[in-house]
Amino acid sequence: MSTVTETRETEQATRKTEGRTGKSGARKRGRITDENGRRMPVWEIVLRYLLLLAVLALMIGPFLWQLSTSLKGPHENIFSSPPEFLPGSPTLHNYERVADTIPVWDYALNSLKVAAANVVTNCVGATLAGYALARLRYRGRRAATIVFILAMLVPVEGIIIAQFTTMRELGLNNTLIGVLLPGCISALNVLLMRNAFLNLPYEIEEAAYVDGANVWQRFLRIALPAVKGTLAVVAIFAFMGAWDDFLWPLIVLSDPDRFTLTIGLNYLHGTFANDERLVAAGTVIAVLPLIVLFGCLQRYFFRGVGEGAVKG
Amino acid sequence: MRISRHPRISRRAAAAAAAIAVLLPLSACGEGGDGGGSTDASGKIEGEITFQTWNLKANFKSYFEGVVDGFEKKYPGTKVNWVDQPGEGYADKISADAAAGTLPDVVNVSPDLVAPLAKAGLALDLDKAAGKYEKEYLPGAWKSHQIPGMEGTYAFPWYLNTGPLFYNKRLFKDAGLDADKPPKTYDELFDAALQLSKKSKGKTATLANIPTIEDFGRYGVPLMDKEGTKFTFNGPKGVELLKKYKELYDAKALDGQALNATPESTGKKFLTEAVAMNPGSALDLGKFKKEAPSLYKNIGITPQITNTGKDNMYVMGVMVNTRTKQTPAAVAFAHYVTDAAHQMSFAKKVAIFPSTEGSLDDPYFTKEDGTDDTRVRIAAAKSVKTAVNYTPVLFSEQMKIELRNSVGKALQGKESPEEALDNAVNNCDRLLQQS
Amino acid sequence: MKSSSAVTAPRTAATASRAVTDGPRKRIRRQLPSSPWLFAAPGLLIVGIFILYPFVSTLINSFTDKRTLIPGEFVGLDNFRELLHDDMFWIGLRNSTLYILGVVPALVLLPLLLAMLVQKHIPGITFFRSAFYTPVVASIVVVGLIWVWMLDERGLVNAVLEAVGVGSVGFLSDQWLLLLSAMTVTVWKGLGYYMIIYLAALANVPRELHEAAAVDGAGAVRRFLTVTVPAVRSTMVLVAALSSVAAFKVFSEVYLMAGPNGGPAGEDTTLVMLVQRVGTGLTGRVGYASAISVVVFVVTVALMLLVLRADRKEDA
């Protein structure tokens, strides 16, 4: 945890290698090496792939089972033993029924609005605050850091009614803004950004300072571009958090036109509790956008990880 | 969870609001303050009100849109906003709204939800505001929203719900029981259950649910004193019932997973013929037919098990918020949605029963037409006339959990039935005093 | 957001607190005097109004007998005294503690092994890394629904067990199996997250160490114990801190699998579940629930400090 800056360069070098070999480089060169360039024996490669596939089955299997259940028609036995892994006659009927029951696209749009806004506010707010905590020198910086750490330790389930009362005092209950606000700059994200800025070498900024760049210029032109990876991590966390949240939107929103997807899908659970196919279709609708989003951003995400976003 | 009367904190919140208003564009749609309306419902019926239902949108959207349209046409100058909340978290939703003063004008409630709202002065006393409508409803239904220790009636009765008990004739026959003479009382039920498990060597359970407060009621256990100040289900009769259930549990006549059962899980057990009896509604027959044809061939339908001669029913109500600004319109709408004509048309959409006087004599509830649905409906309508809402109005969600956990401990043998029920009653009494 | 996923979206206090001490160099110091606060203001404002202010009012409430619809009166330490005699509180404390004991060792060790598995750059490894991260991305509610369906009496797992002749297992009905199932889900969902943390740490292990050990003829197990583990030890401490704080606050997994009642006879109730159960609804005892929240908060802060201290010793 304490060697982050020192090993910066080694890591970057490693990442570059990874980028090449991760794609097709390895195959082109016709041999497989480990990160030290050492050639790997065939038995080890086979063993590694076997293990990887086993873990893959464990991690992805449950999602595929859910997908398979959601595609099974009304006359297929979903309880059979031994289980049938593939639907006999795949159908999108269950998805149609979900859409008939609840205005799933409207709810998805609401979720999307909140999630997108949450990404923007968290990226902007957490970056600014993180920069202030890491780079700027002023009285009370330590106190401000402790405020964010404490905020992170508060058990949210215990304060939800108090949060609602606050929201009511602000007149923001039953609005999507009310859904957004409490998490719109999360303490965790602020601390992640702070950590990312701390890991940047000071020398670059010092050079800019000598050249007469003011704090905004240093922030926007130098510090910010260097933490893009962590920003991707924050963006994904922010999107996930908003998209997945259930209890808070339920409490804040009264008007069904403003419901988010998780609340809407809850209707399915209540109304069709006995129909596993429908519940499965609902969960697929809820989880697919996240997987797609992650798939698109994963390159930046793993780079962010390399920058030390989630490590000490 | 708040201290809004504290001027210092309110000022701080106001400052925070100002600060936020600078930072973010607001699209606030705040409702008015807590300043309430009147209890006088005799004024002109006009203005905008909000009506909140409980998990009805998914299946009855067009019905409610029709009701709202009808009301707005009948009383020009009114506007009704209908909102529906998901089944899960409904009590959380209502309590957050109630605590913050944002409860809708007209709210779909059940008796246990009305009680705390009435105590907090949030439910309109209809004996005062709408007493003239009392005679339109079944007397028992009207009384169901009265609260022990308080004067008044705090919600219009809406739909009633009861259902028969389904049983699996094949499993009964396999155990050497007469499949055409299902048990009617608890003693008969216990005998049948023990025989079923004995003959199947513990493979077939008869029941999948542990006893709830309704079971205690139907067994004839006095649940609460008249004044509504303490619970009494730990008496000899209550202990007797729990002992019997323990015997069933040990003999596997009560399903091993009953301690953690949900309505969905017990439904599935019955569907797969792992359990011989399960409560249900007319809706279930169609499901059996579709999902479990072999069960459907052997399905038996019988009234609920009861020692008192009276079935259990659930009552839904519609209350009016005392803080509404449009008391006349709110009361008028609450009455409109629960009047005989609307309850009847709603009943025809779904397997529920109207709580209005005379509605149950409608041919819809009395005339056989040869179908299963009608058969179930007629039987249930007959029992609903005498049925009782056994669950005491003051029995809160937390108390249900107390009872459930105590029963669980007794069945597992961690506590004796006496001990378990004494504990449950003590804890419930304490919760009662604190509510 | 208010994502209730406990272990899987850990609140990383430790990540941040280490560097508090090695603050910015002095040369970057003359700037517009107002700007630092301007930078931090939005974050401080949001966190202050929507997290800390409600928490302070919770703290105040813990000394009152406030209920959902009834303003409370000051009752001193009564709520805390009542806790000592509340069986459910002790069950909650037991389960939350068991959760730490069950989940933390698995989350410290398994992701490390997983990270070593995906560390080598063999073809397709990026796909495997992303795939292993998928459970982290999915919402806890969805994950709960998926696993309830998997572990159902007639779900996939039991269907497989029956097909191989083991017979059906009541994962969702036995009090201990339920807790174990919930822990399994927590671990399953957290593996990818901590794998990534370890992956970053493994990149920092100097290869010379491995080579030297290999020359010495050390086997794979021995190299793991003598080279890898010491090199990532501080990361293991971090992972232990994050996962134990999250495990102590566990709510969603147990709530979704054992039900709001907390399993048979409530034996699977965790502390945060108890907060939710006692304090919500129209008859909620807000004061008493607040007292439990305060206990959870104090224990979490203590856990954090404990681990940070261990970490500081590590650095020294």
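Is Ala265(C) buried or exposed? Select Ala265(C) and look around: 25 other C-beta atoms lie within 10 Å, so this residue is buried. Buried here means that 20 or more other C-beta atoms lie within 10 Å of a residue's own, exposed means 12 or fewer, and partly exposed is in between, with C-beta atoms placed from the backbone.

A word on what you are viewing: this is a predicted model, in which local features need pLDDT of at least 70 and side-chain atom pairs count only at pLDDT 80 or more, while totals for chains, interfaces and linings use all residues. Residues are numbered from 1 along each chain as its sequence is written, and chains are lettered from A and ligands numbered from 1 in the order in which they are written.

**Two loops**

Stay with Ala265(C), which sits in the loop between helix H12 (252-258) and helix H13 (271-279) of chain C. Helices are DSSP runs of H or I with at least four residues, strands are runs of E with at least two, and both are numbered from the N terminus. Ala265(C) has a positive phi of about 55°, although it is not a glycine. Most residues other than glycine have a negative phi.

Now select Lys201(B), in the loop between helix H8 (186-199) and helix H9 (213-219) of chain B. Its phi is also positive, near 55°. Lys201(B) has 8 C-beta neighbours inside 10 Å, so it counts as exposed.

**A pair of helices**

Next, show residues 207-215 (H9) and 220-231 (H10) of chain C, whose axes, lines fitted to C-alpha atoms over the stretch in contact, are 10 Å apart and at an angle of about 165°. H9(C) is therefore roughly antiparallel to H10(C) (an angle over 145 degrees between N-to-C directions, on a scale from 0 to 180). Where they meet, Leu209(C), His210(C), Ala213(C) and Ala214(C) of H9(C) touch Arg223(C), Thr226(C), Val227(C) and Ala231(C) of H10(C); contact means C-beta atoms, placed from the backbone, within 7 Å.

Go on to Val296(C) in helix H14 (residues 286-315) of chain C. With 24 other C-beta atoms within 10 Å, Val296(C) is buried. Beyond neighbours within four places in sequence, Val296(C) is in contact with Pro155(A), Lys249(C), Leu271(C) and Val272(C). Val296(C) and Lys249(C) are 47 residues apart in sequence, yet 7.3 Å apart in space, C-alpha to C-alpha.

**Last stop: chain A**

Finally, colour chain A by secondary structure: 14 helices and zero strands. Of its 312 residues, 52% are buried.

Notes: Parallel < 35°, antiparallel > 145°, perpendicular 65-115°, else oblique. Contact = placed C-beta atoms within 7 Å.
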